[in-house]
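Hi everyone, thanks for having me.

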Amino acid sequence: MDVSDGTILVMKERAQQAAGNSYCRYSRFPVGAAVLTETGEIHTGCNVENVSYGLTVCAERTAIFKAISEGCRKILAVVVYTPTEHAVTPCGACRQVINEFGPNARIVSFCASEHRIDTALDRLLPHPFQAF
Ligand code: THU
């Protein structure tokens, strides 16, 4: 199902708000994400860092795990916001997690400037790991 540009803009606002809650005392790199489910709900998340560095969870996975734990099983779109000059796309680990619930999801990244990246998960991760 196509996700409208209007919905994407609402998601951008929510992702930007979520970036404000980022716990990024080690990297100083706040990230916010918003996930659209098949029922039209929007779930948000931010990156949550840890003194053990490797335990850090990205904003995208925070948002996805919140959605899944609320009963969602299908993701239609993911929006990322960073207060940077250039937009950033989800990391490799997050791409594999998005693939689990939204292999054809629209992925849009926004930042503090007009720059944006509007793409799709199957373009960012053309050959996901699939065991079955
Ligand atoms: N980060 C995300 O939240 N999402 C990504 O897709 C890439 C990186 C976070 C992890 C870490 O807290 C900070 O950005 C710097 O890597």
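Let's start with a pairing: in strand S4, Val108 is the bridge partner of Val79. Before I go on, this is a predicted model, where local features need pLDDT of at least 70 and side-chain atom pairs count only at pLDDT 80 or more, while totals for chains, interfaces and linings use all residues. Residues are numbered from 1 along each chain as its sequence is written, and side-chain values use heavy atoms, with hydrogens and water left out.

Okay, strands. Helices (H or I, at least four residues) and strands (E, at least two) are DSSP runs, numbered from the N terminus, and two strands pair if DSSP finds at least two bridges between them. S3 (residues 75-81) and S4 (residues 106-110) run parallel, joined by 5 bridges. S3 also pairs with S1 (residues 32-37), in the antiparallel sense over 6 bridges. There, Leu36 stands opposite Ala77 in S3.

How many of the residues of S3 are buried? 7 of its 7, where buried means under 20% relative accessible area, exposed over 50%, and partly exposed in between (1.4 Å probe, protein chains only).

Now the cysteines. A search of the whole structure turns up 0 disulfides, a disulfide being a pair of cysteine sulfur atoms within 2.5 Å. Cys46 is buried, by the way, at a relative accessible area of 12%. For Cys111, the closest cysteine sulfur is also in Cys24, 16 Å away, so that's too far for a bond. Cys111 counts as buried too, with 3% relative accessibility.
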